[in-house]
Amino acid sequence: MGKYDPLEHHLRRQSTATYEMSFRDIERVLGALLPKSSRRPEWWANEAAATRHVQCKAWLRAGYRAVASPAAERVRFERRP
């Protein structure tokens, strides 16, 4: 099981088109702290499925894209068409 699998499973259970979480909410779901690099916007980039960034794979596989506000420590996940 990968570090971000709990986030993927959590997002898969959501039925709304948008779902907002604080960094603290995400850490609770993961059972671990987010890395310091998550405070940079590029960490939340929605890259192609072939990306090596495991965090991105988690929300893409769940059918969402991330729109982050790192300064506010919040992320809005938007369902992809």
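Reader: Thanks! Which are the buried residues of helix H3 (residues 54-61)?

Author: Happy to start there, with a word on the source: this is a predicted model, where local features need pLDDT of at least 70, side-chain atom pairs count only at pLDDT 80 or more, and totals for chains, interfaces and linings use all residues. Residues are numbered from 1 along each chain as its sequence is written, and side-chain values use heavy atoms, with hydrogens and water left out. Helices (H or I, at least four residues) and strands (E, at least two) are DSSP runs, numbered from the N terminus, and buried means under 20% relative accessible area with a 1.4 Å probe, protein chains only. By that cut-off, the buried residues of H3 are Gln 55, Cys 56, Ala 58, Trp 59 and Leu 60.

Reader: Which residue in the turn of the S2 and S3 hairpin has a positive phi?

Author: Strand S2 (residues 64-69) pairs with S3 in the antiparallel sense over 6 bridges; two strands pair if DSSP finds at least two bridges between them. Ser 69 has Arg 74 as its bridge partner in S3. The hairpin leaves 4 residues between its strands, and the turn residue with a positive phi, about 55°, is Glu 73.

Reader: And which residue in S3 is the bridge partner of Tyr 19?

Author: Strand S1 (residues 18-22) and strand S3 (residues 74-79) run antiparallel, joined by 5 bridges. Within S3, the partner of Tyr 19 is Phe 77.

Reader: Stepping back, what pattern does the protein follow along the sequence?

Author: The secondary structure comes to 3 helices and 3 strands. Read in sequence order, the pattern is α-β-α-α-β-β.

Reader: Why is the protein described as being as compact as a globular protein of that length?

Author: The C-alpha atoms fill a box of roughly 30 × 25 × 25 Å along the principal axes. The globule rule is 2.2 Å times the number of residues to the power 0.38, and the radius of gyration is taken over C-alpha atoms. For 81 residues the rule gives 12 Å, so the protein is as compact as a globular protein of that length, its radius of gyration being close to that value at 11 Å.

Methods. Buried < 20%, exposed > 50% of the residue type's maximum accessible area, 1.4 Å probe, protein only.
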